[in-house]
Amino acid sequence: MTGEAELEWAAWMRAALAGDAVAYQALLLALTPVLRAIARRGCQRVGLTAADAEDVVQETLLAIHLKRQTWQPDMPIMPWVRAIARNKLVDALRRRGRRGREIDIDDVSDVLAAAPEEDRTVVNDVAKHLHNLAPGQRNVVQAVAIDGISIRETAQRLTMSEGAVRVALHRGLALLAQRLRERGA
Amino acid sequence: MKTDDLIRAIAQDAAPSGLRPQARLALALAGGVAAAAILFLLLLGPRGDAVASLDQLRFLLKFAVTLVLAVAAIGLVLRLIQPGASAGVWRGVLLLAPGLLLIGIAGELMALPEARWLPALVGVNARVCLTYIPLMGLAPLGLILFALRGGAPARPALAGAVAGLIAGGISAALYAAHCPDDSPLFVATWYTLAIAMLVALGALIGRRLLRW
């Protein structure tokens with residue numbers, strides 16, 4: 001990865017922290033291949049599948065989102081991202097009874113430049129927990145995520161206010177992350 | 001759900017959310033110090049000669065050690081809850097507290113005849129120390145741990161333990177103004193034990209509360 005890309009990603013993250021959803025989506029899409037490389041390398045080593053790795057990727061994305069306030073705008077972004085990815089990988093491996101402590105993320109850095117192919121795997125874990133959310137939150141998350149409609153359209157479809165849609169989305173994502181974390185813990 | 005779908009949902013939730021961890025910790029510290037100070041004034045209060053003792057090195061050392069401990073632990077915990085940050089200089093600053101105490105002990109051992117070492121260590125107030133430092137540290141510890149939930153520590157129990165050090169440092173600095181025992185030998189023994197209780201409690205709670 002070039003330093004230039006990292007600078008651009010940091011700029012996107014600053015915009016995202018100020019509420020820019022477009023920059024945020026661009027950043028998360030750009031980060032995902034990196035997260036996928038880390039997760040796959042870690043999962044492969046202990047005999048887990050690409051679908052398991054994709055679960056870890058989704059968990060990591062949620063963690064990045066919910067903990068984005070811990071990133072300092074004047075600091076490089078990749079050490080922060082990698083630390084979160086490693087943390088979520090270790091968590092996931094431990095949960096599956098693998099010895100996560102042995103994962104050394106530093107030797108993953110060489111594969112980070114090579115982005116793995118885009119993944120179209122439908123992952124079970126997040127979807128499964130989506131069904132455990134309260135109906136209000138589930139409908140909002142589903143509309144925004146799977147149907148891909150805007151906050152405003154979601155509000156119209158579900159006859160909610162936009163503010164209520166935002167709150168439901170935020171709580172839904174936080175609960176999703178919590179369920180994933182607590183599963184099997 | 002496909003990963004791209006999840007990303008779309010997350011991006012729509014970009015709206016700024018909540019205070020930064022540093023701001024949360026600052027609020028918790030303000031509240032914690034206030035709560036501990038009120039408890040201190042209600043239950044103990046400064047000793048009669050507290051102001052007159054300000055020219056005594058042994059008395060001042062108690063504040064130096066406990067306040068350095070609290071400040072260093074604050075710096076360290078802010079690093080611990082930030083993914084990818086290294087402890088930096090804060091681990092070294094933290095070691096300043098026991099370092100200062102060791103210098104004090106060396107001076108005390110040189111100043112006192114051997115026969116008075118043990119009485120100085122045992123002191124007169126050990127039970128009060130072991131009761132009130134943990135007790136006055138509870139409110140700061142709780143508030144700090146709650147504030148740290150906004151962070152993302154790689155090691156939640158460790159972050160909780162360092163939160164215990166902060167609370168212990170604050171509480172012990174207040175208690176130092178009350179306690180008639182000024183010997184570094186007393187401080188090294190009983191303050192350490194009392195603060196260790198808060199550290200253990202912090203680690204125990206942090207292990208669960210600070211997971212993310």
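How many salt bridges does a search of the whole structure find over all chains? The search finds ten, counting a salt bridge as a side-chain nitrogen of Lys or Arg within 4 Å of a carboxyl oxygen of Asp or Glu. This is a predicted model, in which local features need pLDDT of at least 70, side-chain atom pairs count only at pLDDT 80 or more, and totals for chains, interfaces and linings use all residues. Residues are numbered from 1 along each chain as its sequence is written, chains are lettered from A and ligands numbered from 1 in the order in which they are written, and side-chain values use heavy atoms, with hydrogens and water left out.

**Chain A**

- A:Glu54 and A:Arg36 form a salt bridge with an N to O distance of 2.8 Å.
- This pair links distant parts of the chain, with A:Glu54 in helix H3 (residues 50–66) and A:Arg36 in helix H2 (residues 21–45), 18 residues apart; helices are DSSP runs (H or I, at least four residues), numbered from the N terminus.
- A:Asp147 is partly exposed, at 43% relative accessible area.

**Chain B**

- B:Asp182 and B:Arg47 meet through their side chains in a salt bridge of 2.9 Å, N to O.
- These partners lie 135 residues apart, B:Asp182 in the loop between helices H7 (156–176) and H8 (184–209), and B:Arg47 in the loop between helices H2 (21–43) and H3 (57–80).
- B:Asp182 is buried at 7% relative accessibility, and B:Arg47 is buried at 13%.
- A network of salt bridges links B:Arg47, B:Asp49, B:Lys62 and B:Asp182.

Definitions and conventions:
Helix = DSSP H or I, 4+ residues; strand = E, 2+ residues; numbered from the N terminus. Buried < 20%, exposed > 50% of the residue type's maximum accessible area, 1.4 Å probe, protein only.
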